[in-house]
Amino acid sequence: MGTCFSSAAASASVDQTPSSSVTISQKTTTNTSSSSSSGTNSTVSGNSRFSAASGTDFAGSGQMIPHPNLRVFSFSELKTATRNFRSDTVLGEGGFGKVYKGWLDPKSSTSGSVIAVKKLNSESMQGFDEWQSEVNFLGRLSHQNLVKLLGYCWEDKELLLVYEFMQKGSLENHLFGRGSAVQPLPWNIRLKILIGAAHGLAFLHASDGNVIYRDFKASNILLDGSYHAKISDFGLAKMGPTASRSHVTTQVIGTYGYAAPEYVATGHLYVKSDVYGFGVVLVEMLTGLRALDTNRPSGQHSLVDWIKPHLCERRKLKNIMDSRLEGRYPSKSALHIAQLALTCLESEPKNRPSMQEIVEALERIESVSERPRVPRVQKHHSSHHQRQPLQYRSPLHPRQQAPNINPAYPLPPRV
Ligand SMILES: Nc1ncnc2c1ncn2[C@@H]1O[C@H](COP(=O)(O)OP(=O)(O)OP(=O)(O)O)[C@@H](O)[C@H]1O
Ligand SMILES: [Mg+2]
């Protein structure tokens, strides 16, 4: 694997040679956290990873610089922190293994004493490459919308990753989780999460080497106590195309329901392949439905294929909006999000917007959603104050920016 890895290995004092690329095939993962949902019992659920050999894998081609700020944890330290990996500290489980909540001795830690520890399951089909990729990418990148990797552990066969603890867990739990512990997400929080996650992806795409994230999905968007979104899981991330190439050819690995069609068909991975995944999450956010759910009637398994025709019209959209919103959302903003989703889901990558354009569009939609409604009483003042007919404008091509917010009206408090 990449030369960058040797620095990780050196600091962990281990001399094993990493294995070659791991192929992940038809693996169903389930969360063991509070949520359960219709999608998770199927053999191909929203979390199913797939892989199909195609082209050359350029993973870890030596572009990484050493990651300076990661702490090397001992296994016994993490065992103590997680009460011996006790089952009641399990936060969830993915393809890599279980994720535990842990408590560090406050004296030994400068960055908060609560942690999340991801421990490789010996039976997992993910493994060294994903662990290494996470250390290399996340260890080097720092952004307020990326989960902070605090350190790692590598002792014998034990591979662990230590993250900041994200209090509210994953977006997946909130959108699809059932049970009294899971509160439906209000509209303004949904927007806030989308904006945060979009910032995270935009940062990656703009960063040195144009990192392609490759596994954008609701379970990889984690939320802190204020619903501030951070992207996690860089196990599948890739460096983007070099100047001479427009895409990276790679083994096709991703998650059913989220992966861009060109990537699934050809293995060609573009920065815009992430944009497609973002579009899928936009649709999940609108509908509260999983990207893929084989428990739905046939013809509705793939959310995008099923819902796409409903995204272009306000009336059709209303029928498929998440019932847990109980109608409490500005329908114009919802339509703008739906239109934005359609552009992200364009089959030609070049027709999709960039993540930076998406950030800007979402922020405009948010500012309009936050604008206070004109009090009803004004309607009666005179006929020439009637509302203008709605003119749809793509959120990507707004009218010359009018001031978004009337300073006379204070904004409602943000979450
Ligand atoms: N830093 C964290 N803080 C709090 N909870 C976390 C953290 N990281 C992960 N979790 C919890 O653990 C669950 C499993 O995460 P994990 O990334 O291992 O799997 P996944 O995203 O569900 O699937 P995949 O393996 O496909 O990424 C998450 O859904 C979340 O609930
Ligand atoms: Mg994950």
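**Close-up views of a predicted model**

**View 1. Isoleucine 193 in helix α5.** Isoleucine 193 is found in helix α5 of this predicted model. The residue counts as buried because 24 other C-beta atoms lie within 10 Å, and the cut-off for buried is 20 or more. Beyond its neighbours within four places in sequence, isoleucine 193 is in contact with Leu171, Ile221, Leu223, Tyr227 and Ala229. Histidine 228 is 35 residues away from isoleucine 193 in sequence, yet the two C-alpha atoms are 6.3 Å apart in space.

**View 2. Helix α5 from end to end.** Helix α5 covers residues 187–206, which makes 20 residues. Is helix α5 mostly covered or mostly exposed? It is mostly covered, with 14 of its 20 residues buried.

**View 3. Helix α3 from end to end.** Helix α3 has 13 residues, 128–140. The same check is made here: at 1.5 Å a residue, α3 should span 18 Å, and the distance between its end C-alpha atoms is 18 Å, which agrees. How many of the 13 residues of α3 are buried? Twelve of them are, so this helix is mostly covered. Among the buried residues are Trp131, Val135, Phe137 and Leu138. The buried set also includes Asp129, Glu130, Glu134 and Arg140.

**View 4. Lysine 119 in strand β5.** Lysine 119 lies in strand β5. An unreviewed UniProt entry lists Lys119 under "binding site". Is lysine 119 buried or exposed? It is buried, because 23 other C-beta atoms lie within 10 Å and 20 or more are enough to count as buried. Leaving aside neighbours within four places in sequence, lysine 119 is in contact with Phe85, Gly97, Lys98, Tyr100 and Leu160.

**View 5. The shell around ligand 1.** There are 27 residues around ligand 1, and Gly92, Gly94, Gly95, Ala116 and Ser219 come nearest. By class, the shell has nine nonpolar, 13 polar and five charged residues. Strand β3 (90–93), strand β5 (114–120) and helix α4 (171–176) each supply at least two residues of the shell. Which of these elements gives the most? It is β3, with three residues.

**View 6. Two loop residues with positive phi.** Phenylalanine 85 has a positive phi of about 50°, although it is not a glycine. This residue lies in the loop between α2 (75–81) and β3. Phenylalanine 85 is partly exposed, because 16 other C-beta atoms lie within 10 Å, a count between the limits of 12 and 20. Glutamate 326 also has a positive phi, near 50°, and is not glycine. The place of glutamate 326 is in the loop between α9 (314–320) and α10 (331–344). Glutamate 326 is exposed, because 10 other C-beta atoms lie within 10 Å, and 12 or fewer count as exposed.

**View 7. The protein chain as a whole.** The protein chain has eleven helices and twelve strands. Of its 415 residues, 46% count as buried. Among contacts between residues at least 6 apart in sequence, 71% join residues at least 24 apart.

Conventions:
Residues are numbered from 1 along each chain as its sequence is written. Chains are lettered from A and ligands numbered from 1 in the order in which they are written. This is a predicted model: local features need pLDDT of at least 70, side-chain atom pairs count only at pLDDT 80 or more; totals for chains, interfaces and linings use all residues. A residue is near a molecule or strand if its C-beta atom, placed from the backbone, lies within 6 Å of it. Helices (H or I, at least four residues) and strands (E, at least two) are DSSP runs, numbered from the N terminus. Ala, Val, Leu, Ile, Met, Phe, Trp, Tyr, Cys and Pro count as nonpolar, Asp, Glu, Lys and Arg as charged, and the others, Gly among them, as polar. Two residues are in contact if their C-beta atoms, placed from the backbone, lie within 7 Å. The expected span of a helix is 1.5 Å times one less than its number of residues. UniProt positions are given in the numbering used here, feature names are shortened, and annotations may be inferred rather than shown by experiment.
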